[in-house]
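Welcome! Have a look at the sequence and the 3D view below, and then we will walk through some of the details together.

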Amino acid sequence: MRTGRRTDFFKKNNRGFTLLELIVVAAIIAILAGVAAINTTPMFTQSVRSSAEDLQQMLADTRTAAYARGRNDTTYLEIEKDPTNSRIKATPYVNGTAGESRYLGRYQETITVKTRTESEGGTVTDSAGKELTSEKLYVAFTKGTGEIYCFDTAVDFSNAAKNFNQTSPVADAVITLKKGSAVFEVTADGLTGRSSYKRILS
């Protein structure tokens, strides 16, 4: 008899969730997700800003180092996603000798590269953005003027410099760094090589 009552009890209470209960649970999950997003966004923003600052400074230092050397000298900045941890790493090379590598930011950020040209009429055109994955990005500047003569992705610098189309109009080099909703853009002017960064608001 007890067994029968217990079975009846479970049958009566095995009715699932009501619509109201599901709505309440969904609302709680949405609130928790919102709180988590609010807490992580400032962290990501600060990290990506720091990455942009570091990258802009390293571009400026590479341009300065190139002033004392020729256009075809092996002085350049190498940027890659470290295969061991997927973080962005930048290494300056002066006359073919590697300097101190530096990780950009604290997280596994996404890095996208593209060129930007402006016509005489003022029309600005961006190339298709290319996400940096297995290949490395190389940036090099011309002696004296600071003009960009190499901004390309390849397995090594010699291939990047060889493949770079030097007959095209000089374009600005644009590097976008992203983590979550935090997006910053680092730009090096094609004619002067001077670099800057700014936050991109979606």
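Which residues form one aromatic cluster? Tyr76, Tyr93, Tyr138 and Phe157 do.

## Before we start

This is a predicted model, in which local features need pLDDT of at least 70 and side-chain atom pairs count only at pLDDT 80 or more, while totals for chains, interfaces and linings use all residues. Residues are numbered from 1 along each chain as its sequence is written, and side-chain values use heavy atoms, with hydrogens and water left out.

## Aromatic rings

A pair of aromatic rings is described by the distance of the centres and the angle of the planes. Here, rings of Phe, Tyr and Trp (its six-membered ring) pair if their centres lie within 6.5 Å; planes under 30 degrees apart count as stacked, over 60 as edge-to-face and the rest as tilted. By this rule there are 5 aromatic pairs. One of them joins Tyr138 and Phe157: the ring centres are 5.9 Å apart and the planes stand at 65 degrees, so this pair is edge-to-face. Tyr138 belongs to strand β8 (residues 136–141) and Phe157 to helix α3 (residues 157–163), so the pair ties together parts that are 19 residues apart in sequence. Helices (H or I, at least four residues) and strands (E, at least two) are DSSP runs, numbered from the N terminus. Are these two residues buried or exposed? Tyr138 is buried at 1% relative accessibility, and Phe157 is buried at 10%. (Buried means under 20% relative accessible area, exposed over 50%, and partly exposed in between, with a 1.4 Å probe and protein chains only.)

Phe184 and Tyr197 make a tilted pair, with 6.4 Å from centre to centre and 50 degrees between the planes. This pair links distant parts of the chain, 13 residues apart: Phe184 is in strand β11 (residues 182–188) and Tyr197 in strand β12 (residues 195–199). Phe184 is buried, at 0% relative accessible area, whereas Tyr197 is partly exposed at 29%.

## A charge over a ring

Now find Arg87, which lies over the face of Tyr103, 4.6 Å from the ring centre. A charge sits over a ring if NZ of Lys or CZ of Arg is within 6 Å of the ring centre and within 35 degrees of the ring normal.

## Strands side by side

Two strands pair if DSSP finds at least two bridges between them. Strand β10 (residues 172–179) pairs with strand β5 (residues 110–118) in the antiparallel sense over 7 bridges. In this pairing, Thr110 has Lys178 in β10 as its bridge partner.

β10 also pairs with β11, again antiparallel and over 7 bridges. Val174 stands opposite Thr187 in β11. These two strands form a hairpin with 2 residues between them, and Gly180 in the turn has a positive phi of about 65 degrees.

Which other residues deserve a look for their phi? Ser86 has a positive phi of about 65 degrees although it is not a glycine. Ser86 sits in the loop between β1 (76–81) and β2 (88–94), and is partly exposed, with a relative accessible area of 31%.

Asn95 also has a positive phi, near 55 degrees, and is a residue other than glycine. Asn95 is found in the loop between β2 and β3 (97–98), where it counts as partly exposed at 48% relative accessibility.
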